[in-house]
Amino acid sequence: MTAHTVEYVRYRIPEQQSAEFMAAYTRAAASLAAAPQCVDYELARCEEDFEHYILRITWTSTEDHIEGFRTSELFPGFLAEIRSFMSTIEEMRHYKPTSVRGTGSAVPTLYAWAGGAEALGRLTAAFYDRVGKDDLLAPLFEGLDPEHAEHVAQWLGEVFGGPTGYSDTQGGHGHMVAKHMGLAITEPQRRRWVNLIQDAADEAGLPTDAEFRSAFLAYVEWGTRLAIHFSGPDARTPAEQPVPKWNWGAAPPYQG
(Lines give C-alpha, C1' and ligand atoms only; values in the text may rest on other atoms or scores of the structure.)
Protein backbone atom coordinates (compact mmCIF):
# COMPACT_ATOMS: atom_id res chain seq x y z
CA MET A 1 0.00 0.00 0.00
CA THR A 2 1.32 3.42 -0.92
CA ALA A 3 2.03 5.66 2.05
CA HIS A 4 -0.47 8.42 2.57
CA THR A 5 0.42 12.09 2.49
CA VAL A 6 0.10 14.19 5.62
CA GLU A 7 -0.63 17.89 5.17
CA TYR A 8 0.18 20.27 8.02
CA VAL A 9 -1.31 23.75 8.10
CA ARG A 10 0.00 26.00 10.88
CA TYR A 11 -2.10 28.97 11.95
CA ARG A 12 -1.50 31.89 14.26
CA ILE A 13 -4.92 33.08 15.39
CA PRO A 14 -5.34 36.13 17.65
CA GLU A 15 -6.96 35.15 20.93
CA GLN A 16 -10.06 37.24 20.25
CA GLN A 17 -10.69 35.28 17.03
CA SER A 18 -10.20 31.80 18.45
CA ALA A 19 -13.89 31.03 18.98
CA GLU A 20 -14.75 32.18 15.46
CA PHE A 21 -11.84 30.12 14.06
CA MET A 22 -12.93 26.96 15.86
CA ALA A 23 -16.51 27.42 14.73
CA ALA A 24 -15.40 27.90 11.13
CA TYR A 25 -13.36 24.71 11.14
CA THR A 26 -16.13 22.78 12.82
CA ARG A 27 -18.32 23.67 9.84
CA ALA A 28 -15.53 23.15 7.29
CA ALA A 29 -14.81 19.69 8.70
CA ALA A 30 -18.04 18.43 7.15
CA SER A 31 -16.39 18.77 3.73
CA LEU A 32 -13.33 16.83 4.89
CA ALA A 33 -15.47 14.09 6.39
CA ALA A 34 -17.30 13.71 3.08
CA ALA A 35 -14.16 13.71 0.90
CA PRO A 36 -13.04 10.28 -0.35
CA GLN A 37 -9.50 11.68 -0.64
CA CYS A 38 -9.37 12.44 3.10
CA VAL A 39 -8.27 9.66 5.45
CA ASP A 40 -8.54 11.63 8.69
CA TYR A 41 -8.02 15.10 10.13
CA GLU A 42 -7.35 16.83 13.44
CA LEU A 43 -7.06 20.43 14.59
CA ALA A 44 -4.76 20.88 17.60
CA ARG A 45 -4.10 23.97 19.73
CA CYS A 46 -0.76 24.80 21.33
CA GLU A 47 -0.75 24.51 25.11
CA GLU A 48 2.14 26.94 25.58
CA ASP A 49 0.83 29.63 23.24
CA PHE A 50 -2.91 29.55 22.60
CA GLU A 51 -2.57 31.55 19.39
CA HIS A 52 -0.90 28.64 17.56
CA TYR A 53 -2.95 25.91 15.87
CA ILE A 54 -1.94 23.01 13.65
CA LEU A 55 -4.37 21.36 11.27
CA ARG A 56 -3.30 17.85 10.28
CA ILE A 57 -5.00 16.21 7.32
CA THR A 58 -4.06 12.78 6.01
CA TRP A 59 -4.74 12.51 2.29
CA THR A 60 -4.69 9.38 0.16
CA SER A 61 -2.00 11.19 -1.86
CA THR A 62 -0.83 14.73 -2.62
CA GLU A 63 -2.28 14.39 -6.10
CA ASP A 64 -5.64 13.31 -4.70
CA HIS A 65 -5.65 16.40 -2.49
CA ILE A 66 -4.67 18.92 -5.14
CA GLU A 67 -6.31 17.44 -8.23
CA GLY A 68 -9.10 15.60 -6.44
CA PHE A 69 -10.40 17.43 -3.40
CA ARG A 70 -9.51 20.92 -4.57
CA THR A 71 -11.37 20.41 -7.86
CA SER A 72 -14.36 18.68 -6.27
CA GLU A 73 -17.74 20.14 -5.40
CA LEU A 74 -16.81 19.90 -1.72
CA PHE A 75 -13.92 22.35 -1.91
CA PRO A 76 -15.85 25.62 -2.46
CA GLY A 77 -17.84 25.07 0.72
CA PHE A 78 -14.70 24.18 2.65
CA LEU A 79 -12.86 27.24 1.38
CA ALA A 80 -15.78 29.57 2.08
CA GLU A 81 -15.71 28.63 5.76
CA ILE A 82 -11.98 29.20 6.35
CA ARG A 83 -11.13 31.82 3.72
CA SER A 84 -11.00 34.71 6.21
CA PHE A 85 -8.25 32.92 8.15
CA MET A 86 -5.93 32.14 5.23
CA SER A 87 -3.84 35.23 5.89
CA THR A 88 -2.92 33.76 9.31
CA ILE A 89 -1.32 30.62 7.81
CA GLU A 90 2.37 30.30 8.68
CA GLU A 91 2.98 26.98 6.92
CA MET A 92 1.02 24.72 4.55
CA ARG A 93 2.99 21.72 3.29
CA HIS A 94 2.66 18.03 2.48
CA TYR A 95 4.80 15.41 4.22
CA LYS A 96 5.46 11.74 3.52
CA PRO A 97 5.93 9.35 6.47
CA THR A 98 9.40 7.84 6.92
CA SER A 99 10.43 4.44 8.23
CA VAL A 100 10.95 5.93 11.70
CA ARG A 101 7.68 5.13 13.38
CA GLY A 102 6.29 3.06 16.21
CA THR A 103 4.14 3.11 19.30
CA GLY A 104 4.86 3.76 22.92
CA SER A 105 3.82 1.64 25.88
CA ALA A 106 0.91 3.80 27.04
CA VAL A 107 -1.47 1.38 25.31
CA PRO A 108 -0.52 -2.29 25.82
CA THR A 109 -0.18 -4.56 22.82
CA LEU A 110 -2.78 -7.25 22.25
CA TYR A 111 0.05 -9.70 22.96
CA ALA A 112 0.69 -8.25 26.41
CA TRP A 113 -3.01 -7.91 27.19
CA ALA A 114 -3.62 -11.55 26.23
CA GLY A 115 -0.97 -12.73 28.67
CA GLY A 116 2.04 -13.14 26.40
CA ALA A 117 3.60 -16.33 25.03
CA GLU A 118 2.33 -18.55 27.84
CA ALA A 119 -1.30 -17.58 27.25
CA LEU A 120 -1.06 -17.97 23.48
CA GLY A 121 0.62 -21.35 23.97
CA ARG A 122 -2.35 -22.47 26.07
CA LEU A 123 -4.69 -21.12 23.39
CA THR A 124 -3.16 -23.06 20.49
CA ALA A 125 -2.76 -26.23 22.56
CA ALA A 126 -6.44 -26.13 23.51
CA PHE A 127 -7.45 -25.25 19.97
CA TYR A 128 -5.59 -28.05 18.19
CA ASP A 129 -6.78 -30.54 20.78
CA ARG A 130 -10.32 -29.60 19.75
CA VAL A 131 -9.43 -29.66 16.05
CA GLY A 132 -8.13 -33.22 16.28
CA LYS A 133 -11.49 -34.36 17.64
CA ASP A 134 -13.62 -32.38 15.18
CA ASP A 135 -15.09 -34.32 12.26
CA LEU A 136 -15.17 -31.26 10.00
CA LEU A 137 -11.65 -29.94 10.65
CA ALA A 138 -9.60 -33.01 11.51
CA PRO A 139 -9.17 -34.03 7.83
CA LEU A 140 -7.53 -30.67 7.09
CA PHE A 141 -4.84 -31.30 9.68
CA GLU A 142 -3.92 -34.94 9.04
CA GLY A 143 -0.21 -35.51 9.53
CA LEU A 144 0.12 -32.28 11.48
CA ASP A 145 3.66 -31.31 12.45
CA PRO A 146 3.97 -31.84 16.24
CA GLU A 147 5.33 -28.28 16.48
CA HIS A 148 2.47 -26.74 14.52
CA ALA A 149 0.62 -25.44 17.58
CA GLU A 150 3.81 -23.82 18.83
CA HIS A 151 4.41 -22.16 15.46
CA VAL A 152 0.86 -20.81 15.38
CA ALA A 153 1.33 -19.43 18.89
CA GLN A 154 4.48 -17.67 17.66
CA TRP A 155 2.56 -16.36 14.68
CA LEU A 156 -0.26 -14.98 16.79
CA GLY A 157 2.23 -13.47 19.21
CA GLU A 158 3.97 -11.57 16.43
CA VAL A 159 0.69 -10.49 14.83
CA PHE A 160 -0.51 -9.14 18.17
CA GLY A 161 2.63 -7.09 18.79
CA GLY A 162 4.91 -9.56 20.53
CA PRO A 163 8.36 -10.96 19.66
CA THR A 164 9.27 -11.67 16.04
CA GLY A 165 9.75 -15.38 16.70
CA TYR A 166 7.76 -16.53 13.70
CA SER A 167 9.55 -14.28 11.23
CA ASP A 168 12.91 -15.24 12.72
CA THR A 169 12.37 -19.00 12.44
CA GLN A 170 9.64 -19.60 9.84
CA GLY A 171 9.23 -16.65 7.49
CA GLY A 172 6.78 -13.84 6.86
CA HIS A 173 3.14 -13.60 5.87
CA GLY A 174 3.71 -15.22 2.49
CA HIS A 175 5.15 -18.29 4.21
CA MET A 176 2.08 -18.68 6.40
CA VAL A 177 -0.34 -18.09 3.52
CA ALA A 178 1.46 -20.62 1.29
CA LYS A 179 0.67 -23.37 3.82
CA HIS A 180 -2.99 -23.06 2.83
CA MET A 181 -2.45 -23.49 -0.90
CA GLY A 182 -4.50 -26.32 -2.38
CA LEU A 183 -6.43 -27.15 0.80
CA ALA A 184 -9.80 -26.12 -0.69
CA ILE A 185 -11.10 -24.89 2.65
CA THR A 186 -14.89 -24.57 2.73
CA GLU A 187 -16.95 -21.88 4.41
CA PRO A 188 -18.39 -24.37 6.94
CA GLN A 189 -14.82 -25.37 7.85
CA ARG A 190 -13.79 -21.74 8.20
CA ARG A 191 -16.76 -21.00 10.43
CA ARG A 192 -16.03 -24.04 12.59
CA TRP A 193 -12.39 -22.87 12.92
CA VAL A 194 -13.60 -19.47 14.13
CA ASN A 195 -15.96 -21.03 16.64
CA LEU A 196 -13.41 -23.49 18.00
CA ILE A 197 -10.69 -20.91 18.55
CA GLN A 198 -13.14 -18.75 20.49
CA ASP A 199 -13.97 -21.75 22.65
CA ALA A 200 -10.26 -22.41 23.08
CA ALA A 201 -9.72 -18.80 24.11
CA ASP A 202 -12.25 -19.31 26.88
CA GLU A 203 -10.60 -22.56 27.95
CA ALA A 204 -7.13 -20.98 27.91
CA GLY A 205 -8.29 -18.09 30.10
CA LEU A 206 -7.65 -15.29 27.62
CA PRO A 207 -9.16 -11.92 28.62
CA THR A 208 -12.90 -11.69 28.06
CA ASP A 209 -13.27 -7.90 27.94
CA ALA A 210 -15.21 -6.67 24.93
CA GLU A 211 -12.33 -4.66 23.49
CA PHE A 212 -9.84 -7.55 23.43
CA ARG A 213 -12.27 -10.15 22.19
CA SER A 214 -13.55 -7.90 19.39
CA ALA A 215 -9.97 -7.27 18.21
CA PHE A 216 -9.13 -10.97 18.56
CA LEU A 217 -12.19 -12.02 16.57
CA ALA A 218 -11.55 -9.36 13.92
CA TYR A 219 -8.14 -10.90 13.24
CA VAL A 220 -9.55 -14.43 13.23
CA GLU A 221 -12.21 -13.41 10.72
CA TRP A 222 -9.67 -11.64 8.51
CA GLY A 223 -7.15 -14.46 8.66
CA THR A 224 -9.59 -17.29 8.00
CA ARG A 225 -11.16 -15.50 5.05
CA LEU A 226 -7.70 -15.03 3.54
CA ALA A 227 -7.07 -18.73 4.15
CA ILE A 228 -10.14 -19.65 2.10
CA HIS A 229 -9.01 -17.37 -0.72
CA PHE A 230 -5.50 -18.78 -0.90
CA SER A 231 -6.70 -22.36 -0.58
CA GLY A 232 -8.81 -22.01 -3.73
CA PRO A 233 -8.00 -23.46 -7.16
CA ASP A 234 -7.13 -20.13 -8.77
CA ALA A 235 -4.97 -18.73 -5.96
CA ARG A 236 -1.42 -17.70 -6.73
CA THR A 237 1.45 -18.04 -4.32
CA PRO A 238 1.78 -14.60 -2.71
CA ALA A 239 4.97 -12.58 -2.66
CA GLU A 240 6.85 -12.63 0.62
CA GLN A 241 5.75 -9.85 2.93
CA PRO A 242 6.00 -9.01 6.63
CA VAL A 243 3.77 -10.54 9.26
CA PRO A 244 0.73 -8.26 9.68
CA LYS A 245 0.53 -6.21 12.86
CA TRP A 246 -2.89 -6.19 14.52
CA ASN A 247 -4.03 -3.57 17.02
CA TRP A 248 -7.04 -2.57 19.06
CA GLY A 249 -8.87 -1.03 16.13
CA ALA A 250 -11.60 1.43 17.02
CA ALA A 251 -11.74 0.60 20.73
CA PRO A 252 -8.65 0.81 22.98
CA PRO A 253 -8.40 -1.47 26.02
CA TYR A 254 -10.93 -0.59 28.66
CA GLN A 255 -9.46 0.95 31.78
CA GLY A 256 -11.87 0.91 34.72
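Predicted model: local features only at pLDDT ≥ 70, side-chain atom pairs only at ≥ 80, totals over all residues.
Colleague: At what angle do α9 and α10 cross?
Modeller: At roughly 150 degrees, and their axes come within 10 Å. That makes α9 roughly antiparallel to α10 (over 145 degrees; under 35 is roughly parallel, 65 to 115 roughly perpendicular, the rest oblique). Axes are lines fitted to C-alpha atoms, for helices over the stretch in contact, with angles from 0 to 180 degrees between N-to-C directions.

Colleague: Which residues make the contact of α9 and α10?
Modeller: From α9, Glu187, Arg190, Trp193, Val194, Ile197, Gln198, Ala201 and Asp202 take part. From α10, the residues are Arg213, Phe216, Leu217, Val220, Glu221, Thr224, Arg225 and Ile228. Contact is heavy atoms within 4.5 Å.

Colleague: How many charged residues in the contact of α9 with α10?
Modeller: There are 6 charged, alongside 8 nonpolar and 2 polar. Charged is Asp, Glu, Lys and Arg; nonpolar is Ala, Val, Leu, Ile, Met, Phe, Trp, Tyr, Cys and Pro; the others, Gly among them, are polar.

Colleague: And α5 and α6, at what angle do they pack?
Modeller: About 135 degrees, with the axes 9 Å apart. The two helices are therefore oblique to each other. α5 passes α6 in a right-handed crossing. On the α5 side the contact is made by Leu120, Gly121, Leu123, Thr124 and Tyr128. On the α6 side it is made by His148, Ala149, Val152, Ala153, Leu156 and Gly157. By class, this contact of α5 with α6 has 7 nonpolar, 4 polar and no charged residues.

Colleague: What about helix α1 and helix α3, at what angle do they pack?
Modeller: Helix α1 (residues 18-34) packs with helix α3 (residues 75-82) at about 170 degrees, their axes 8 Å apart. That makes α1 roughly antiparallel to α3. The crossing of α1 past α3 is left-handed. Ala24, Tyr25, Arg27, Ala28, Ser31 and Leu32 of α1 meet Gly77, Phe78, Glu81 and Ile82 of α3. The contact of α1 with α3 has 6 nonpolar, 2 polar and 2 charged residues. Helices here are DSSP runs (H or I, at least four residues; strands are E, at least two), numbered from the N terminus.

Colleague: On to the inside. In the largest nonpolar core, which residues touch the most other members?
Modeller: Leu123, Trp155, Leu156, Phe160, Leu206 and Phe216, out of 35 residues. α5 gives the largest share, 7 residues. A nonpolar core is a set of buried Ala, Val, Leu, Ile, Met, Phe, Trp, Tyr and Cys residues joined through side-chain atoms within 4.5 Å.

Colleague: What does Leu206 touch?
Modeller: Not counting residues up to four places away in sequence, Leu206 touches Ala114, Ala119, Leu123, Ala201, Phe212, Arg213 and Phe216. Another core, of 20 residues, lies apart from the largest one, and includes Ile13, Ala28, Ala35 and Leu55.

Colleague: Is Gln37 buried or exposed?
Modeller: Gln37 is buried, at 14% relative accessible area (buried is under 20%, exposed over 50%, partly exposed in between; 1.4 Å probe, protein chains only). Gln37 sits in the loop between α1 and β2 (38-45). Leaving aside neighbours within four places in sequence, Gln37 contacts Thr58, Trp59, Thr60, Asp64, Gly68 and Phe69.

Colleague: And where is His180?
Modeller: In the loop between α8 and α9. His180 is partly exposed, at 22% relative accessibility. Beyond residues up to four places away in sequence, His180 touches Ile185, Ala227, Phe230 and Ser231.

Colleague: Where does Ala184 lie?
Modeller: Also in the loop between α8 (173-178) and α9. Phi of Ala184 is near 55 degrees, a positive value in a residue other than glycine. At 49% relative accessibility, Ala184 counts as partly exposed.

Technical notes:
Residues numbered from 1 in each chain as written. Heavy atoms only, no water. Left-handed = near helix turned anticlockwise from the far one by under 90°.
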